[in-house]
Amino acid sequence: MKKMIAFDLGTKTLGIAISDALGIAAHGLENFRFNEGGYQTAITHAIEVIKREGVEEVAIGLALNMNGTDSNSSKASNIFKDELIKRMPNLKVKMVDERMSTMLANRRLLESDISRAKRKKVIDMQSAVVILETYMEMKKNGQI
C-alpha cells in the first residue's frame, strides 16, 4: 500500500499530514506557510511533497459551515483540489469534512500541555492529521 497524505488549507498555511506505508497511522509532516492568498505557491509545494513521498491518495479538508453549506474556505479547498487534479490527473483526491478537525486537534494539543504559542504554529498540521485519520477510517469502513 502506498502512503496517503492530507492537506488542511488555510489562508496563509497548508497543514500536511502523512500516513505510514501500511496506512495505519497518521503523523504531522509540516506546516507550510505562504503569503495570504498565495494558493499557487501552496499547490506547487503540495505537488513537490506528493512526488517526493510517492503518494497516490490525497485527502483535503473541506471546511463547511456548521449547517453543511459551502464556506469561503471550502470554496478555496475545492479550487485547490481541482488544480491538483489538473496538474496530476492520476492522483486520487477525496474531500473530507473537517468541521470539527481544528477543535479536536486543539484539544489534543492542550492535553499534551503544549503552550499557546507552539499550538498556533502547529495547529494546521495537527488538523491535517485529524483529516487523514478520518479519511483512513472511512476507507477502512468502506465509506470511500
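I started with β2, which pairs with strand β3 (residues 26-33) in the antiparallel sense over 7 bridges. I count strands as DSSP runs of E of at least two residues, and helices as runs of H or I of at least four, numbered from the N terminus. Pairing needs at least two DSSP bridges between the strands. The model is predicted: local features need pLDDT of at least 70, side-chain atom pairs count only at pLDDT 80 or more, and totals for chains, interfaces and linings use all residues. Numbering runs from 1 along each chain as its sequence is written, and side-chain values use heavy atoms, without hydrogens or water.

I looked at the partners next. Leu14 stands opposite Phe32 in β3. Leu14 of β2 also has Leu9 opposite. Strand β1 (residues 4-9) runs antiparallel to β2, with 5 bridges.

I checked the turns. The β1-β2 hairpin has 3 residues as its link. The β2-β3 hairpin has 6 residues between the strands, and Gly23 there takes a positive phi near 70°.

Is β2 buried or exposed? I found 7 of the 7 residues of β2 (residues 13-19) buried, so the rest of the structure largely encloses this strand. Buried means under 20% relative accessible area (1.4 Å probe, protein chains only). Thr13, Gly15, Ala17 and Ser19 point one way, Leu14, Ile16 and Ile18 the other.

Last, the helices. α1 (residues 39-53) and α2 (residues 72-87) pack at about 50°, axes 10 Å apart. I took axes as lines fitted to C-alpha atoms over the stretch in contact, with angles from 0 to 180 degrees between N-to-C directions. Contact (heavy atoms within 4.5 Å) involves residues including Ile43 and Ile47 of α1 and Phe80 and Leu84 of α2.

Definitions and conventions: Buried < 20%, exposed > 50% of the residue type's maximum accessible area, 1.4 Å probe, protein only.
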